[in-house]
Amino acid sequence: MKKLILLFTALSCWACTTPTDNQGDMSIIPCPNKMEVKSNNFLTLGNEVSISIDTPFPTSGGVMQYFSDRLKEHHLTLVQKTSGKEGIRLVVDSRLPDEAYELIIDTQGITLRANDSGAGFFYAIQSLLQMLPATNSDNVSLPYLEIKDAPRFSYRGAMIDVARNFQSKETVLKFIDLMSVYKMNHLHLHLTDDQGWRIEIKKYPQLTDIGSSRPRTMTGHSDYYFPRRFDTIPQKGFYTQEDIKEIVRYAQERFITVIPEIEMPGHSSAALAAYPQYSCGLGKNYVVRDYMDIFDEVYCPHEGTIQFLQDILSEVMELFPSQYIHIGGDECPKKAWKACSKCQALIKKEGLKDEHELQSWFIHRIEKFVNSKGRNIIGWDEILEGGLAPNATVMSWRGEQGGIAAAQMKHKVIMTPGDYCYIDHYQEDPEFAPLAIGSYLPLDSVYAYNPLPGILNQEERKYIIGTQANLWGEYVQTPDYLEYMAFPRLLAMAEVQWTETKNKNIEDFLKRLKKNFIWLDNKGVNACRNFYEVSFQGRWNKEKSGQEITLKTLCPGGEIRYALNDSTEDHFQTYTSPLLLNSETEIFAAFYLNNKRMGNITRKRFTVNKATGCDYICTPKAGWEHIHKGYGLTDGLRGYTKDMRQWSSFYEDTLKIDLSLHKRETVRQVKLASLWRPWNKIWPARQVQVWISQDGLSYHPVAQIRPTYDFTRTEATRFPISLSFSKTTAKFIRLIISGGGNCHKGYYKEGNPSELALDEIEIY
């Protein structure tokens, strides 16, 4: 049988590039904080690898078994030895802090150092395994090097929402496995919400008998159809207490702490459907919700409810040994409390100012109970409202302000702002991507996040204990889709959590990700392919008088191929420089590595006309612009109903847009479109006027239209508007647009002022 042998090979250099079939490399994610290649020599592993431990530690048996199982993926066999320098040596070093490790490859073989907690050895093994080739091969060569590594943050988390749409125990276990490879150490399970209760509580069996099932689920986005549409598929499922014990044990073996979240006082429809006596009543019929929204059904903070929740938390804490218990605390409407005589009496009795302080009183009561069990609570940043519970840790999701405030109050903080950490957002072009909750968070934006706000001083920054990626489950109904949303963005978050900012580099990360993508594919992970796919960026080129389109992909190496107005792959040509468009064009493109297409063919249509790239002024200014702020109405991209990113929204009923053409032009037509999404209170323009000017001072009208719309449609709609007039010359165009007025009768928020959303101004 082959033993571990040493092979000295002279090479001129080492780089994080695609390795040869039997050559390991340093494509380690997250990037170690200190790594030094010692020479051009290599150590070669045979099929059988010997290992010894100088001093057994409490978790050494589990660590060794895990290592042995993972090596089998590479057709390597681990053979334990009682001592000896040859092979792999695990050396206990009490001077190293928890989770820190050293990995040395030299003439003595491979040495791993860590303290006896076991976590450091586990992470050293992960780094070593990532250095092996992504595909199986014999006689693997590893470079002589030294790694001294420790994490940037102690809390390195990911959250999966199994309440909205249940995910099986097997799916959770696979997710834990993948987290552990990338040195993440906290799994936050969102177990309860309006759409489902997913954990067995023996004292209250109806929580799962009733609360874990619903007969149907809405289809499409919650804001897209009016009225909402539903499937006819029952959605059900929960974890037995034995399931939970298995999940917790499996995670512990991989040095991951599982944190349960029992949502309160809001997001409680499923629990109240089972036990309505803990609500404020008010004549409501409580059901497990089959669509996504923020509901008025909340726990009523009387003593019976407090006891009910304490009983639940007692069973939860028996199952989860984690120091933290997450109690939610977010998005709690106060409507029921304002109408409830019991709540108003309690506010008066306790001398509280309002319902916000009542929520704080509620959270204080729950925290006191959790603290009495030797545990601490985590809550979303809304728990700051009305006064923060004494020992609470804040999970800051509505931006960083809640986390900043909590850190300044000397409370521990986990940063998880939606703009960087919500991996339920789109990660590829929303026009063609599978359904997501909205917004846009690509891989490189996750990687760019720094959880330590500059506004905090050094002492305050110590209270930022980590950061977390959140995968909410409103639209995540299958294991494949969960993996699609999580990967590869979770790898970018892992590096944010582990690697010091000075050691991060996006180009190097993308090189390392290329090998890790192969490993994910081999493990059957349904990772999003956007890493390989081509994206399009357009800006007006004044010198060339055209729309200049840049094609790019995240994956390094390879080549981009494209065609104009032609999706036939055989007609593609190699992209070498930005494309210049002078008329409406649809671009098709794909990325190729070693002459093989690696992702899907992507496409984007640019409408290039006399308005494209022109400056304009809106009065009043846009209420919001998701992308291309200040030029989104002339960027050459029409909006689409599936996502709001390409639209500019205005809150006033009358809008004036003054547009300056690139030069004096002959004009005869103006086009634009407005959006109808009644769930968002967005209604289309009821009147549009076109005025022209030669000097930007004196304008005269040339066209006016009062469009008619088909409101019998049930889905969000882009309504095009076109105004034609006699040919004339102009340098300046003014649009005067009347918004949709009040929301129509029979629709959401009827009688309330609507918003106006526009996409692209086109002039011909």
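A cavity is a set of grid points where a 1.4 Å probe fits but cannot get out. In this predicted model, the largest cavity has a volume of about 100 Å³. The structure also holds a closed barrel of 8 strands, and its largest pocket contains about 1,400 Å³ of space.

**The barrel**

- From one strand to the next, the twist averages 30 degrees.
- Strand β21 (residues 413–415) runs parallel to strand β22 (residues 464–471), and 3 bridges join them.
- M415 has T467 in β22 as its bridge partner.
- Helix α3 (residues 169–181) lies across β9 (155–161) and β10 (186–190). The helix runs at about 150 degrees to β10.

**Helices α1 and α2**

- Helix α1 (residues 60–72) packs with α2 at an angle of about 10 degrees, and their axes are 11 Å apart.
- Angles under 35 degrees count as roughly parallel, so α1 is roughly parallel to α2.
- On the α1 side, the contact is made by V63, Y66, F67, R70 and L71. On the α2 side, these meet F122, I125, Q126, L128 and L129.
- Sorted by class, this contact between α1 and α2 has 8 nonpolar, 1 polar and 1 charged residues.

**Cavities**

- A search of the whole structure gives 3 cavities of 30 Å³ or more.
- The largest cavity has 13 lining residues, and L129, Q130, K515, N516 and W519 lie nearest its centre.
- Helices α2 (119–131) and α17 (506–522) each supply at least two residues of this lining. The most comes from α17, with 3 residues.
- The lining of the largest cavity has 7 nonpolar, 4 polar and 2 charged residues.

- Two or more lining residues come from each of α12 (418–421), α13 (443–447), β23 (535–541) and β30 (602–606). The largest share, 5 residues, is from β30.
- This lining divides into 18 nonpolar, 17 polar and 14 charged residues.
- The second largest pocket has a volume of about 1,200 Å³. Its lining has 40 residues, with H221, S222, D223, E331 and I437 nearest the centre.
- By class, the lining of the second largest pocket has 15 nonpolar, 10 polar and 15 charged residues.

Methods
Residues numbered from 1 in each chain as written. Predicted model: local features only at pLDDT ≥ 70, side-chain atom pairs only at ≥ 80, totals over all residues. Heavy atoms only, no water. Pairing = 2+ DSSP bridges. Helix = DSSP H or I, 4+ residues; strand = E, 2+ residues; numbered from the N terminus. Axes fitted to C-alpha atoms, helices over the stretch in contact; angles between N-to-C directions. Contact = heavy atoms within 4.5 Å. 1 Å grid on protein atoms, 1.4 Å probe; cavity = no way out; pocket = protein on both sides within 12 Å on 5 of 7 lines; lining within 4 Å. Points joined across faces, edges and corners; volume = space filled by probe spheres on them. Nonpolar A, V, L, I, M, F, W, Y, C, P; charged D, E, K, R; others polar. Parallel < 35°, antiparallel > 145°, perpendicular 65-115°, else oblique.
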